[in-house]
Amino acid sequence: MATQPVIKVVALCGSLRKASYNRGLIRAAMEICKESINGMEIEYVDVSPLPMLNTDLEGDDGTFPPEVEEFRRKILGADSALFASPENNFSVAAPLKNAIDWASRPPNVWGDKTAAVVSAGGFLGGGVGQTHLRQIGVFLDLHFINKPEFFLQAFEPPAKFDADSNLIHEATKERLKNTLLSLQKFTLRHLSKTE
């Protein structure tokens with residue numbers, strides 16, 4: 001009997017804030033994955049070292065600044081991406097958009113990967129920004145799971161996070177686990193079609 005492949009997921013957070021709730025979602029996803037999802041590994045990839053996109057920084061031979069090269073290698077080596085996307089002015093936060101754009105420079109290393117997006121925010125929980133991220137994904141040939149959608153109204157009671165921005169709300173942890181399981185299932189199906 002063939003063993004199930006291990007899915008490698010890169011997790012990116014669009015907030016640079018140390019106490020970001022969106023980064024808290026990524027930490028929780030990594031813990032859930034280790035504790036209760038076999039066959040999937042999540043690696044957090046920090047986008048803060050990336051310079052602002054400027055094609056003048058690209059070499060004539062197609063090379064990129066070292067931080068960008070390393071970032072692109074990590075994306076290329078993954079099967080899937082998990083985006084924790086805060087919403088700024090009804091759209092994708094600038095640090096995340098910058099990271100996406102660097103990885104899309106030719107050759108586009110996002111191409112034909114699966115993805116999921118989670119958000120913690122205010123009134124709409126990041127829903128409008130997620131819609132923009134999904135639109136970007138269409139152009140980059142990123143395949144997002146459709147369901148379940150994960151928007152978290154982080155400031156509504158009961159408390160979802162502790163003082164260190166760690167996810168403590170059990171029902172939200174279960175929703176996050178269901179999102180990860182959906183991503184795993186979708187990725188396995190996608191990989192089987194492309195082999």
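## Helix α1 against helix α5

Leu25, Ala28, Ala29, Ile32 and Ser36 of α1 meet Lys173, Leu176, Lys177 and Leu180 of α5, a contact being heavy atoms within 4.5 Å. Helices (H or I, at least four residues) and strands (E, at least two) are DSSP runs, numbered from the N terminus. Helix α1 covers residues 21-36, and helix α5 covers residues 170-194. By type, the residues of this contact are six nonpolar, one polar and two charged. Here Ala, Val, Leu, Ile, Met, Phe, Trp, Tyr, Cys and Pro count as nonpolar, Asp, Glu, Lys and Arg as charged, and the others, Gly among them, as polar.

The axes of α1 and α5 come within 10 Å and cross at roughly 70°, which makes α1 roughly perpendicular to α5. Axes are lines fitted to C-alpha atoms, for helices over the stretch in contact, and angles run from 0 to 180 degrees between N-to-C directions. Angles under 35 degrees count as roughly parallel, over 145 as roughly antiparallel, 65 to 115 as roughly perpendicular and the rest as oblique.

## Basis of the model

This is a predicted model, in which local features need pLDDT of at least 70 and side-chain atom pairs count only at pLDDT 80 or more, while totals for chains, interfaces and linings use all residues. Residues are numbered from 1 along each chain as its sequence is written, and side-chain values use heavy atoms, with hydrogens and water left out.

## The chain overall

The chain has five helices and eight strands, which follow the pattern β-α-β-α-β-β-β-α-β-α-β-β-α along the sequence. The radius of gyration is 16 Å, which agrees with the value near 16 Å for a compact globule of 195 residues. This radius is taken over C-alpha atoms, and the globule rule is 2.2 Å times the number of residues to the power 0.38. Taken along the principal axes, the C-alpha atoms fill a box of roughly 55 × 50 × 25 Å.

Of the 195 residues, 44% count as buried; buried means under 20% relative accessible area, exposed over 50%, and partly exposed in between (1.4 Å probe, protein chains only). The accessible surface comes to about 10,100 Å², of which 54% belongs to carbon and sulfur atoms. Accessible areas come from the Shrake-Rupley method with a 1.4 Å probe, and for residues only the protein chains shown count as cover. Among contacts in the chain with a separation of 6 or more, 79% are between residues 24 or more positions apart.

## Helix α3 and its surroundings

Helix α2 (residues 66-76) and helix α3 (residues 94-104) pack at an angle of about 80°, with their axes 9 Å apart. That angle makes α2 roughly perpendicular to α3. Val68, Phe71, Arg72 and Ile75 of α2 make the contact with Ala99, Trp102, Ala103 and Ser104 of α3. Six of these residues are nonpolar, one is polar and one is charged.

The buried residues of α3 are Leu96, Asn98, Ala99, Ile100, Asp101, Trp102 and Ala103. They pack against β1 (7-13), α2, β3 (80-84), β5 (91-92) and α4 (127-140).

Gly14 lies in the loop between β1 and α1 and is buried, with a relative accessible area of 2%. Leaving aside neighbours within four places in sequence, Gly14 is in contact with Ala84, Pro86, Ala93, Pro95 and Leu96. Gly14 and Leu96 are 82 residues apart in sequence but 4.3 Å apart in space, C-alpha to C-alpha.

Thr187 is found in helix α5 and counts as buried because its relative accessibility is 0%. Not counting residues up to four places away in sequence, Thr187 touches Ile7, Asp79, Ser80 and Thr114.

## Backbone points to check

The peptide bond from Lys147 to Pro148 is cis, with omega near -5°; Pro148 lies in the loop between β7 (142-144) and β8 (150-153). The bond from Pro157 to Pro158 is also cis, with omega near 0°, and Pro158 is found in the loop between β8 and α5.

Asp141, in the loop between α4 and β7, has a positive phi of about 65° although it is not a glycine. Asp141 is partly exposed, with a relative accessible area of 36%. Ser165, in the loop between β8 and α5, has a positive phi near 65° and is likewise not a glycine. Ser165 is buried, with a relative accessible area of 2%.
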